[in-house]
Each structure stands twice: as structure tokens, then as C-alpha cells.
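Thanks for coming. I have one structure to go through, so let me put it on the screen.

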Amino acid sequence: QLYSLREILEAGAARLAAGHASDAEMDYMRSILEDSKNGTDPVKSNFDFHQSIYQASHNQFLIKAIHNLIDSTSLLGQSTLAHTGRPQIAYQEHMKLFEAIAARDADAADQEARSHIRQALMARLRQYRDGPQQ
């Protein structure tokens with residue numbers, strides 16, 4: 001249920017960001033992705049990238065709803081980015097999402113966000129099946 005709601009909210013944020021992100025916000029997203037590519041902590045990069053999209057949505061009610069959801073998601077345990085290979089896959093998903101936002105393509109941004117969250121759910125389910133990575 002958390003991931004179903006997360007998909008809706010993240011897609012909404014991405015859609016709005018495609019229409020409202022400033023050049024400075026786009027530059028910030030790009031810099032987060034560049035840092036991520038160069039070895040920044042994947043959990044921090046993931047958090048920062050998603051936060052940048054929320055802020056670029058320019059919708060305080062959506063941001064508040066997402067933050068409430070994130071608080072609940074933290075109860076699920078270890079980040080899915082601890083799963084082998086997930087940081088690299090998430091980076092590629094983030095790039096596609098950023099490219100859609102940068103192109104100001106709200107429909108593509110929505111779809112890329114939904115795809116990213118569905119893949120995160122699959123990683124979460126694999127994590128539960130396989131147990132925590134060491």
C-alpha cells in the first residue's frame with residue numbers, strides 16, 4: 001500500500017517538476033546525479049535527488065504528503081539500495097526521470113517516476129525474499 005501511494009505521489013511530483021522546475025533546480029538535480037555517478041553515498045544521493053524533485057514541484061501540499069509517506073516507509077527497514085546492483089539501476093532510472101523533467105515532458109516524467117517506484121518495490125520484495133545484504 002505504501003508503494004502504491006508512493007507511485008502516485010512521486011509521479012505527481014515529477015509531472016509538476018517538469019512544468020515548474022527552475023533552471024537552478026534543474027542544475028541542482030544534474031549535480032546530484034553527477035555526484036551519484038562519482039561515488040557519493042547512494043542512499044544520500046537517492047534522498048537528495050527525490051527531494052530535489054519534490055521541491056521543484058512547487059506544491060507544498062504534495063511535499064508534505066510525500067514527507068509523511070517517507071516517514072512511514074522508513075519503518076520498512078534497510079534501504080533497497082543495499083541490494084546488490086540496485087544503486088546502479090536506480091542511477092539509470094534517475095537519469096531517465098531527470099531527462100524527462102529537463103525536456104519538460106510531464107507525461108514522460110510521470111511514467112518514468114512510476115516505473116522507478118515499481119522497480120523499487122520489486123527490489124524491496126527481493127530484499128525480503130533474500131534477506132539483508134552484507
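To start with a definition, the radius of gyration here is taken over C-alpha atoms, and the globule rule is 2.2 Å times the number of residues to the power 0.38. With 134 residues, that rule puts a compact globule near 14 Å, and the chain has 14 Å, so the two agree. Along its principal axes, the C-alpha trace spans about 40 × 35 × 20 Å.

A note on the source: this is a predicted model, where local features need pLDDT of at least 70, side-chain atom pairs count only at pLDDT 80 or more, and totals for chains, interfaces and linings use all residues. Residues are numbered from 1 along each chain as its sequence is written, and side-chain values use heavy atoms, with hydrogens and water left out.

The chain has six helices and zero strands; helices (H or I, at least four residues) and strands (E, at least two) are DSSP runs, numbered from the N terminus. Of the 134 residues, 40% are buried, where buried means under 20% relative accessible area, exposed over 50%, and partly exposed in between (1.4 Å probe, protein chains only).

Next, contacts, meaning heavy atoms within 4.5 Å. Taking contacts between residues at least 6 apart in sequence, 80% join residues at least 24 apart.

Now one residue. Where does A100 lie? A100 is in helix 5, residues 86-102. Its relative accessibility is 7%, so A100 counts as buried. Leaving aside residues up to four places away in sequence, A100 touches D105, A108, A109 and E112. L81 is 19 residues from A100 along the chain, and their C-alpha atoms are separated by 23 Å.
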